[in-house]
Amino acid sequence: MGRWARALPADSVRGHTLFAQYCQHCHGERGLGSGCPDLSGLREAETQFLYVWIANPQMINPSSPMPRLDQLKPDEIRDIVAYLKSM
Ligand code: HEC
């Protein structure tokens, strides 16, 4: 995560909007996916893990079917992570 991204507080409300835009068609409205992992238990998950996963799932699991979303900016990923951890 870039230093500038860390300097601002993460915004889980914006993260929710981004989740609806980029993730919901796979993972479902509250992260309860049809065929995708349930994302509602991630409160305890490592922030850094979630960040890396969303930025590049194939770096963690080369055979993951989850697409890499190159259009997401670092601060947007940070906000999505904040939203996931608030679910
Ligand atoms: C095309 C469908 C698709 C989209 C779009 C998608 N995902 Fe996924 N996601 C998956 C699948 C399938 C898995 C399980 C794959 C695996 O474990 O390798 C997964 C796994 C995950 C995991 C890991 C869960 C765990 O328990 O390990 C997280 C976190 C996650 N997705 C978050 C997101 C977020 C946040 C977005 C939007 C930025 C997103 N996903 C977009 C299909 C998708």
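Let me start with proline 67, which counts as exposed because it has 10 C-beta neighbours inside 10 Å (exposed is 12 or fewer other C-beta atoms within 10 Å of its own, buried is 20 or more, partly exposed is in between, with C-beta atoms placed from the backbone). What we have is a predicted model, in which local features need pLDDT of at least 70 and side-chain atom pairs count only at pLDDT 80 or more, while totals for chains, interfaces and linings use all residues. Residues are numbered from 1 along each chain as its sequence is written.

Proline 67 sits in the loop between helix H5 (57-60) and H6, helices being DSSP runs of H or I with at least four residues, numbered from the N terminus. From proline 67 to alanine 55 is twelve residues in sequence and 9.6 Å in space, C-alpha to C-alpha.

Alanine 55 brings us to H4, where Thr47, Leu50, Tyr51, Ile54 and Ala55 meet Ile77, Arg78, Ile80, Val81 and Leu84 of H6, contact being C-beta atoms, placed from the backbone, within 7 Å. The residues of that contact divide into eight nonpolar, one polar and one charged (nonpolar is Ala, Val, Leu, Ile, Met, Phe, Trp, Tyr, Cys and Pro, charged is Asp, Glu, Lys and Arg, and the others, Gly among them, are polar).

Terms used
Contact = placed C-beta atoms within 7 Å. Helix = DSSP H or I, 4+ residues; strand = E, 2+ residues; numbered from the N terminus.
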